Amino acid sequence: MTLKELKPHLLALSDNEKAQVIQLLSQDKITPWRGIEKTAGVCGGSACIVGTRITVWGLVEARRIGYSEADLLTSYTSLSATDIANAWVYAETFTDEIETEIRENNEVMY
């Protein structure tokens, strides 16, 4: 069943049933950005490659200063090309977030 097909059924539920659906869905971990995670207390909660402390904003900044994807793969041996592709998609989707994190990091450094 597609979301389009499911939508009228969900809207027809009682408030109690909707609450039960929300509770059921919240039990499952939803990862809308494949390969990217945010964890409180890890890298200030910034978006990172899953299972690493490699931030998306850090990869974006490295690309800006001239690192190629090949350079990134060499520098970060735990990264895959898919990880980098996921980071670029995330960065393009959340441009404001990434720009803010880059700016804040640069302010701390200087």
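# Reading bridges, burial and helices

Biologist: By how much are arginine 103 and glutamate 107 separated in helix 6?

Modeller: By about one helical turn, because arginine 103 and glutamate 107 are four residues apart in helix 6. Helices are DSSP runs of H or I with at least four residues, strands are runs of E with at least two, and both are numbered from the N terminus. This is a predicted model, where local features need pLDDT of at least 70 and side-chain atom pairs count only at pLDDT 80 or more, while totals for chains, interfaces and linings use all residues. Residues are numbered from 1 along each chain as its sequence is written, and side-chain values use heavy atoms, with hydrogens and water left out.

Biologist: What meets between the side chains of arginine 103 and glutamate 107?

Modeller: A salt bridge, at 3.9 Å from N to O. The term means a side-chain nitrogen of Lys or Arg within 4 Å of a carboxyl oxygen of Asp or Glu.

Biologist: How many salt bridges does the structure hold?

Modeller: Three. Another joins glutamate 97 and lysine 38, at 3.2 Å from N to O. Glutamate 97 is in helix 6 (residues 95-109) and lysine 38 is in the loop between strand 1 (36-37) and strand 2 (48-49), so this pair ties together parts 59 residues apart in sequence. Arginine 64 also bridges to glutamate 99, with the closest N and O atoms 2.1 Å apart. Arginine 64 belongs to helix 3 (residues 56-64) and glutamate 99 to helix 6, so parts 35 residues apart in sequence are tied together.

Biologist: Which charged residue is buried yet has no salt bridge?

Modeller: Glutamate 101, which is in helix 6. Its nearest side chain of opposite charge is lysine 38, 5.8 Å away. For charge, Lys and Arg count as positive, Asp and Glu as negative, and His and the chain ends are not counted.

Biologist: What does glutamate 101 touch?

Modeller: Ser46 and Trp57, not counting residues up to four places away in sequence. Contact means heavy atoms within 4.5 Å.

Biologist: What should helix 5 span?

Modeller: The expected span is 1.5 Å times one less than the number of residues. Helix 5 (residues 81-93) has 13 residues, so it should span 18 Å; its end C-alpha atoms are 19 Å apart, which agrees.

Biologist: Which residues are buried in helix 5?

Modeller: Asp83, Ile84, Asn86, Ala87, Trp88, Tyr90 and Ala91. Take alanine 87, which is buried at 0% relative accessible area. Leaving out residues up to four places away in sequence, alanine 87 touches Ile36, Ile49, Val56 and Leu59. In helix 3, Val56, Trp57, Leu59, Val60 and Ala62 are buried.

Biologist: Which residues form a nonpolar patch on the surface?

Modeller: Patches are made of residues with over 30% relative accessible area and no salt bridge; like charges are joined within 9 Å, and nonpolar side chains (Val, Leu, Ile, Met, Phe, Trp, Tyr) within 5 Å. Here the patch holds Met1, Leu3, Leu6 and Leu10, with about 420 Å² of accessible area together. Areas come from the Shrake-Rupley method with a 1.4 Å probe; for residues, only the protein chains shown count as cover. Methionine 1 is in the segment before helix 1 (3-11), and counts as exposed at 74% relative accessibility.

Biologist: What separates the C-alpha atoms of leucine 6 and asparagine 105?

Modeller: 44 Å, for residues 99 apart along the chain. Asparagine 105 lies in helix 6. The C-alpha atoms of leucine 10 and glutamate 97 are 32 Å apart.

Key
Buried < 20%, exposed > 50% of the residue type's maximum accessible area, 1.4 Å probe, protein only.
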